[in-house]
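Subject: Structure handover and notes

Dear colleague,

I am passing the structure on to you with this message, and my notes on it follow below. Please read them with the coordinates open beside you.

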Amino acid sequence: MPIPIILDCDPGTDDALAILLALASPELNVLAITVAGGNVGLEVTLPNALALTALAKAKVPVHGGVDRPLLGEFVPAYHVHHDNGLGGVVLPPGPSPTPGIAADVIRDILRTAPEPVTLVGIGPATNLAIALVTEPALNIHVRQIVLMSGAWKRGNVTPAAEFNAYSDPEALAILLGTGHPVVFASLDLTDQALATPARLAAWRTLGSGRCLKAACDIQSAVPLSARFDGKGAALHDPTAIAWLIRPDLYTARPGHVSVDLAPGPDRGRTRLDTSGHETQNALVLETLDADGFFTLLGERFASLP
Ligand code: BDR
Ligand code: CA
């Protein structure tokens with residue numbers, strides 16, 4: 001049976017590839033895509049999610065949500081994702097959003113779903129946190145929470161913090177307190193998912209569909225990272241989706257994760273303790289079979305229109 005998921009996102013170049021991967025994967029039943037402002041403003045991320053869903057010819061509801069974090073100011077990353085959030089790649093516009101605000105829709109789905117639902121967050125955690133904090137009784141209908149978030153060593157938006165954790169640390173703290181172990185695809189994992197020109201060239205040989213082309217064009221527009229000596233760019237968000245599809249490509253271990261909330265240079269820093277002394281509230285994805293991961297993504301993109 002496919003795993004029922006709600007995909008909360010902020011597309012965003014890597015979100016775009018994560019959305020296409022989820023929509024292409026029969027192992028998943030995407031009940032809804034909910035959208036936040038994050039990489040770029042909500043007025044851009046929401047149309048992007050709609051355009052990608054239409055491109056894949058998927059009949060999945062797409063709902064808008066928050067345009068800012070619970071506290072603090074909204075800090076987008078236009079310099080990475082371009083003004084249009086998709087690296088400048090222009091897609092045919094999608095339909096209007098499905099009525100209903102993200103957090104309300106998440107609660108409605110949890111309340112009525114016949115089986116527990118997996119919440120996947122690949123942007124700021126605000127929509128998911130609002131949904132769960134406003135009706136905590138629905139927690140029992142959550143199967144698991146899977147996030148692309150956090151960094152154990154070095155951040156990518158500040159030296160201390162990864163972008164999604166930094167964008168709404170209070171929301172992340174709420175998710176860490178739900179009692180569900182949160183599965184973390186952190187920067188330390190996604191650094192292993194290096195999208196190189198050679199890997200993208202290999203994808204392009206797999207077909208001529210518009211989704212495969214869009215995925216390749218979008219990822220090709222992502223600046224090569226100085227952190228990897230210009231050899232590629234880390235492909236973050238699809239790692240959270242791929243773990244649900246092919247957990248055999250990963251190793252993981254339990255731990256305790258906390259997030260720094262105090263103002264200052266450590267705000268948004270995620271801390272991992274695997275000593276076993278603290279309650280385990282996380283499952284940390286540690287290693288990734290990168291070749292297997294890129295093969296999976298290419299095959300799935302090529303299976304779409
Ligand atoms: C995360 O931040 C965003 O820029 C990406 O979409 C990803 O979700 C990586 O730190
Ligand atoms: Ca994202």
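How many cavities of 30 Å³ or more does a search of the whole structure find? The search finds three, and please bear in mind from the start that this is a predicted model.

**Cavities**

The largest cavity has a volume of about 80 Å³, and 13 residues line it, of which P69, F74, V75, P124 and S167 are the closest to its centre. Helix α6 gives the most to this lining, with three residues, and by class the lining of the largest cavity is made up of six nonpolar, four polar and three charged residues.

**The largest pocket**

The largest pocket holds about 640 Å³ of space. Its lining is formed by 29 residues, and those that lie nearest the centre are V80, H81, N156, R227 and H236. Four elements, α1 (13-23), α3 (78-81), α6 (163-167) and β8 (233-234), each contribute at least two residues to the lining of the largest pocket. Sorted by class, the residues of that lining are 14 nonpolar, ten polar and five charged.

**Ligand 1**

Which residues come nearest to ligand 1? There are 13 residues around ligand 1, and D14, N39, N156, E162 and D237 come nearest. N156 is also listed among the residues nearest the centre of the largest pocket. In the case of D15, an N or O atom of the side chain is 2.9 Å from an oxygen atom of ligand 1.

D14 and D15 are both among the buried residues of α1. Because eleven of the eleven residues of α1 are buried, this helix is largely enclosed by the rest of the structure. The buried residues run from T13, D14 and D15 through A16, L17, A18, I19, L20, L21 and A22 to L23. For context, most peptide bonds are trans.

**Backbone angles**

K57, in the loop between α2 (42-55) and β3 (62-64), has a positive phi of about 55°, and D229, in the loop between α10 (210-220) and β8, has a positive phi near 55°. Are these residues buried or exposed? K57 is exposed, because its relative accessible area is 60% and the cut-off for that class is over 50%. D229 counts as exposed on the same cut-off, because its relative accessibility is 65%.

T158 is found in the loop between β5 (142-148) and α6, and at 19% relative accessibility T158 counts as buried, because the class covers values under 20%. T158 and G268 are 110 residues apart in sequence, yet their C-alpha atoms are 8.8 Å apart in space. R267 lies in the loop between β9 (250-259) and β10 (270-273), and R267 also counts as buried, at 18% relative accessibility. A polar atom of the side chain of R267 lies 2.7 Å from the backbone oxygen of L261.

**Cysteines**

How many disulfides does the structure hold? The structure holds zero disulfides. C211 is in no disulfide, and the nearest cysteine sulfur to that of C211 belongs to C216, 11 Å away. C216 is likewise in no disulfide, with the sulfur of C211 as the nearest cysteine sulfur at 11 Å.

With best wishes

Definitions and conventions
Residues are numbered from 1 along each chain as its sequence is written. Chains are lettered from A and ligands numbered from 1 in the order in which they are written. This is a predicted model: local features need pLDDT of at least 70, side-chain atom pairs count only at pLDDT 80 or more; totals for chains, interfaces and linings use all residues. Side-chain values use heavy atoms; hydrogens and water are left out. A disulfide is a pair of cysteine sulfur atoms within 2.5 Å. On a 1 Å grid over the protein atoms alone, a cavity is a set of points where a 1.4 Å probe fits but cannot get out, and a pocket is an open set with protein on both sides within 12 Å along at least five of seven lines; lining residues have an atom within 4 Å of a point. Grid points are joined across faces, edges and corners, and a volume is the space filled by probe spheres set on the points. Ala, Val, Leu, Ile, Met, Phe, Trp, Tyr, Cys and Pro count as nonpolar, Asp, Glu, Lys and Arg as charged, and the others, Gly among them, as polar. A residue is near a molecule or strand if one of its heavy atoms lies within 4 Å of it. A polar contact is a pair of N or O atoms within 3.5 Å; within protein, one must be able to donate a hydrogen and the other to accept it, and residues adjacent in sequence count only if both atoms are side-chain atoms. Buried means under 20% relative accessible area, exposed over 50%, partly exposed in between (1.4 Å probe, protein chains only).
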